[in-house]
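Please go through the structure shown below, which is a predicted model, and take the questions in turn.

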Amino acid sequence: MKQHSFHIPVMGIGFTVDTPLKISHLGIDSVISLVDDVLLEKLRKMYCDLFQLPYREITESIEDFRAKRITSYLNLINGLAEKKFEKLKTVSAECSNDLKQYFNLLPDTSALKERFKRLTSPSFNLKELKDLVETNLAMGSIDVNIMTKVDKENYRKAERLPTQYNDAHAALRGYAHSDLSSSVILSAGMNPRLYSYMEEFEDFYPDVMGQVKKKITLKVSDYRSALIQGKFFAKKGLWVSEYRIESGLNCGGHAFATDGYLMGPILAQFRDRKEELTQELHGIMTETLSRKKRPVPTSPLPIKITAQGGVGTAEEHRFLIEHYKVDSIGWGTPFLLVPEATTVDDDTLDKLAKAKEEDLHLSDISPLGVPFNSLKGNTKDLEKFALIEKNRPGSPCPKKYVALNKEFTEKGICTASRQYQYLKIKELDQKALSKEAYQAEYDKIVQKSCACVGLGTTALLKYDLDTRTEGEGVSVCPGPNMAYFSKTSSLKEITGHIYGESNVISRTDRPNMFIKELTIYIDFLKRSLQETKDSISDKQRKYLSTFAKNLTEGIAYYETVFGSVKNAFESSKSQILDDLDRGMTTLNRLRLEIDKL
């Protein structure tokens with residue numbers, strides 16, 4: 001029943017926090033972040049007031065408040081979205097604007113869109129139209145995202161609570177108890193304890209018909225990781241319904257660099273081994289389900305392979321579907337400029353529209369210690385620099401979602417917090433370092449930024465809600481692709497762009513997505529080499545060598561693909577091949593440098 005070949009991935013904490021309420025009734029899938037239960041509670045109150053629904057605050061004094069806030073928010077959004085969808089489907093003597101929009105957003109190649117046009121022009125066949133709407137229209141899925149490693153321990157007074165009250169565990173429980181029939185997207189690596197906890201919830205298991213109410217999606221960056229994690233779940237009797245492949249570095253938000261493996265070869269491996277993956281996991285899962293005396297599917301459950309990260313043209317979109325057989329493609333960064341779909345405050349929206357390549361960078365600001373794609377000059381960074389100037393570096397850390405570091409304390413603290421940076425600088429002061437070495441170490445400490453607050457504040461500003469606790473600084477995490485999208489767009493304009501019916505990119509110098517990713521990876525290798533060449537270990541040397549070797553093999557793969565592919569990239573093929581040749585020349589030089597270390 002899914003009518004669109006794209007989805008809107010999670011972006012930050014606040015940018016897609018209520019996206020499903022805006023576009024789910026139009027058949028578009030999107031994802032809500034479950035990091036910030038305080039933000040969800042504020043929005044729940046706002047929407048209850050707006051729609052004149054009863055609201056009872058879930059305070060921190062209530063047991064299991066985090067999970068209950070998440071459940072309540074998801075149920076509210078789901079209920080409101082379903083009402084909008086049912087209203088849209090009500091066909092009377094004339095079509096509602098929402099119903100027209102639903103069909104208008106579909107690609108021109110859609111048979112469903114063609115049937116709608118036939119039934120409404122020039123005459124109006126009410127009965128057939130009602131049948132068409134009732135049997136073919138579906139809501140977009142209201143999915144959720146949990147960063148598996150953001151699983152802080154929690155305390156009541158001085159007593160540490162059991163593991164199930166950890167942040168990610170509570171978020172999972174909040175989703176599991178909700179009314180939603182959708183997917184939980186697990187990102188940021190493997191958390192065996194959290195994965196095992198999923199066994200406790202009925203909705204994650206297949207029923208007698210092989211249907212799963214709450215599906216599991218894994219965000220992965222390579223096939224090996226997908227197989228390991230898929231087996232882990234299968235041994236629990238659980239099925240991974242979707243593997244969401246994201247470019248390691250050409251994406252928004254946290255960037256998990258692979259060992260030099262590029263997106264094309266990774267997608268090819270999933271395409272070529274999908275059936276093998278399906279059969280192997282089916283065998284493991286059915287054995288476990290039999291042992292647990294649960295319903296056993298007679299045939300393997302479906303697996304979707306989806307992709308996201310850097311896609312920006314209809315040609316790239318079509319190529320991913322046709323060449324790599326992916327089921328859906330994530331369009332994230334471009335949707336930050338679509339107010340009908342995402343929640344972005346006006347100041348940040350303006351900064352994003354004006355952003356060029358030099359304004360978008362892979363930073364080290366994340367307290368998670370993972371490279372983070374960010375926009376220079378965002379107001380959260382300006383707030384951070386002002387505190388450094390006052391000699392009071394670090395955030396007051398009002399929400400503590402990333403308070404995971406136990407270097408100085410028994411209870412975790414965040415590396416972006418004032419407390420941690422004070423202790424770390426105090427430790428630095430005890431070292432007899434040169435002025436230059438001291439400054440370099442100091443800069444590493446104070447560059448961390450309060451992401452868990454900054455990535456959600458945009459929604460508070462957009463809706464004019466109280467920011468006294470959070471402050472007004474906004475962190476924003478677009479991918480490098482943002483440089484080529486320079487104006488706000490309507491929902492119709494961006495979907496038209498995705499399907500090749502219009503074009504919202506005015507620049508003519510945008511590189512192909514695979515070339516852009518390759519360039520970012522080569523730059524990453526250069527930077528890594530520069531940082532380690534003065535005092536390199538055997539482990540680091542081996543890593544750089546493997547990274548460069550995998551990039552070399554990736555370029556060779558692309559040369560074969562783009563040299564032989566028909567009916568795709570005809571106008572840009574020679575440029576792509578030239579760019580690959582230049583990339584190989586640069587890489588050969590870097591490999592020589594690595595060999596000399």
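In what follows, buried means under 20% relative accessible area, exposed means over 50%, and partly exposed is what lies in between.

Q: How is the ring pair of Tyr558 and Phe562 classed, stacked, tilted or edge-to-face?
A: Ring planes under 30 degrees apart count as stacked and those over 60 degrees as edge-to-face, with the rest classed as tilted. The centres of the Tyr558 and Phe562 rings are 5.8 Å apart and their planes meet at 40 degrees, so the pair is tilted.

Q: Which residues form one aromatic cluster with Tyr558 and Phe562?
A: Tyr558 and Phe562 belong to one aromatic cluster that draws on other Phe and Tyr residues. Beside this pair, the cluster takes in Phe319, Tyr324, Phe514, Tyr557 and Phe569.

Q: How many aromatic pairs does a search of the whole structure find, and what is the class of the pair Phe201 and Phe204?
A: The search of the whole structure returns 29 aromatic pairs. In the pair of Phe201 and Phe204, the ring centres lie 6.4 Å apart and the planes stand at 80 degrees, so this pair is edge-to-face. Phe201, at 9% relative accessibility, counts as buried, and Phe204, at 1%, likewise counts as buried. The answers are therefore 29 pairs and, for Phe201 and Phe204, edge-to-face.

Q: At what distance from the ring centre of Tyr155 does the charged end of Lys411 sit?
A: A charge counts as sitting over a ring when, among other conditions, NZ of Lys is within 6 Å of the ring centre. Lys214 lies over the face of Tyr175 at 5.5 Å from the ring centre. For Lys411, whose charged end sits over the ring of Tyr155, the distance is 4.5 Å.

Q: Is Lys113 buried or exposed, and which helix holds it?
A: Lys113 has a relative accessibility of 5% and therefore counts as buried. Leaving out residues up to four places away in sequence, Lys113 touches Phe103, Asn104, Leu106, Pro107, Asp108 and Lys492. The buried residue is found within residues 111-120, which form helix α5.

Q: Which residue is the bridge partner of Ala307 in β11?
A: Eight strands close into a barrel with parallel pairing, in the order β1-β2-β3-β6-β7-β8-β10-β11, and the twist from one strand to the next averages 30 degrees. Strands β10 (residues 304-308) and β11 (residues 328-330) pair in the parallel sense over three bridges. The partner of Ala307 in β11 is Ile329.

Definitions and conventions. Residues are numbered from 1 along each chain as its sequence is written. This is a predicted model: local features need pLDDT of at least 70, side-chain atom pairs count only at pLDDT 80 or more; totals for chains, interfaces and linings use all residues. Side-chain values use heavy atoms; hydrogens and water are left out. Helices (H or I, at least four residues) and strands (E, at least two) are DSSP runs, numbered from the N terminus. Buried means under 20% relative accessible area, exposed over 50%, partly exposed in between (1.4 Å probe, protein chains only). Contact means heavy atoms within 4.5 Å. Rings of Phe, Tyr and Trp (its six-membered ring) pair if their centres lie within 6.5 Å; planes under 30 degrees apart count as stacked, over 60 as edge-to-face and the rest as tilted. A charge sits over a ring if NZ of Lys or CZ of Arg is within 6 Å of the ring centre and within 35 degrees of the ring normal. Two strands pair if DSSP finds at least two bridges between them. Axes are lines fitted to C-alpha atoms, for helices over the stretch in contact, and angles run from 0 to 180 degrees between N-to-C directions.
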